[in-house]
Amino acid sequence: MPQATFVHDGQHIDYTPTTAVAAGEVVVLGDLIGVAKSPIAANTRGALTVMGVFDFAKATGTALAVGTIVYWDNTNKVATATATGNKLLGKVVRAAAASDTTVRVRLQP
């Protein structure tokens with residue numbers, strides 16, 4: 001018996017929400033962050049993307065350099081450099097000025 005059997009490349013995972021999820025919505029599953037690329041109806045299996053590069057909302061007032069580790073603030077629904085109380089999102093791949101409202105991030109698998 002093999003110790004592991006390949007299932008798929010892991011870019012997407014199955015997800016069945018209890019309430020509808022909109023396209024582009026960030027979903028936190030424990031320490032895993034996923035993004036719905038298309039709407040998922042309540043109690044219907046859909047897919048979350050868990051690998052890739054996305055533009056995430058960010059609060060203004062903080063600049064983020066390329067390579068900065070960022071976290072998802074699920075309360076305020078923004079990417080932040082603050083680790084405390086937030087979930088690891090990934091690394092910045094395009095610098096964001098303090099006045100920018102989005103930041104480009106490569107999801108951390």
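A salt bridge here is a side-chain nitrogen of Lys or Arg within 4 Å of a carboxyl oxygen of Asp or Glu. The model shown is predicted. A search of the whole structure finds 3 salt bridges.

**View 1. Asp-14 and Arg-45 form a salt bridge.** Their closest N and O atoms are 3.9 Å apart. That value falls within the 4 Å cut-off, so the pair counts. Asp-14 belongs to strand β1, residues 12-15. Arg-45 sits in the loop between β3 (32-36) and β4 (46-49). The contact therefore ties together parts that are 31 residues apart in sequence. Both Asp-14 and Arg-45 are exposed.

**View 2. Asp-31 meets Lys-87 in a salt bridge.** The N to O distance between these side chains is 3.0 Å. Asp-31 comes from the loop between β2 (26-29) and β3. Lys-87 is in strand β8, residues 87-94. Distant parts of the chain are linked here, 56 residues apart. Asp-31 has a relative accessible area of 67% and is exposed. Lys-87, at 29%, is partly exposed.

**View 3. An open sheet is built from 5 strands.** The strand order is β5-β9-β8-β6-β7. Pairing is antiparallel. At the edges stand β5 (53-57) and β7 (78-80). Each has a single partner strand, so one side of each is left without a neighbour in the sheet. From one strand to the next, the twist averages 50 degrees.

**View 4. Strands β5 and β9 run antiparallel.** Strand β9 covers residues 102-107. It is joined to β5 by 5 bridges. Val-53 has Arg-106 in β9 as its bridge partner.

**View 5. Arg-104 and Asp-55 meet in a salt bridge.** Their side chains come to 2.7 Å, N to O. Arg-104 lies in strand β9, and Asp-55 lies in strand β5. The pair therefore ties together parts that are 49 residues apart in sequence. These are the strands that 5 bridges also join. Arg-104 is partly exposed, at 29% relative accessibility. Asp-55 is partly exposed too, at 41%. Side chains of opposite charge can pair when their charged atoms come close.

Definitions and conventions: Residues numbered from 1 in each chain as written. Predicted model: local features only at pLDDT ≥ 70, side-chain atom pairs only at ≥ 80, totals over all residues. Heavy atoms only, no water. Pairing = 2+ DSSP bridges. Helix = DSSP H or I, 4+ residues; strand = E, 2+ residues; numbered from the N terminus. Axes fitted to C-alpha atoms, helices over the stretch in contact; angles between N-to-C directions. Buried < 20%, exposed > 50% of the residue type's maximum accessible area, 1.4 Å probe, protein only.
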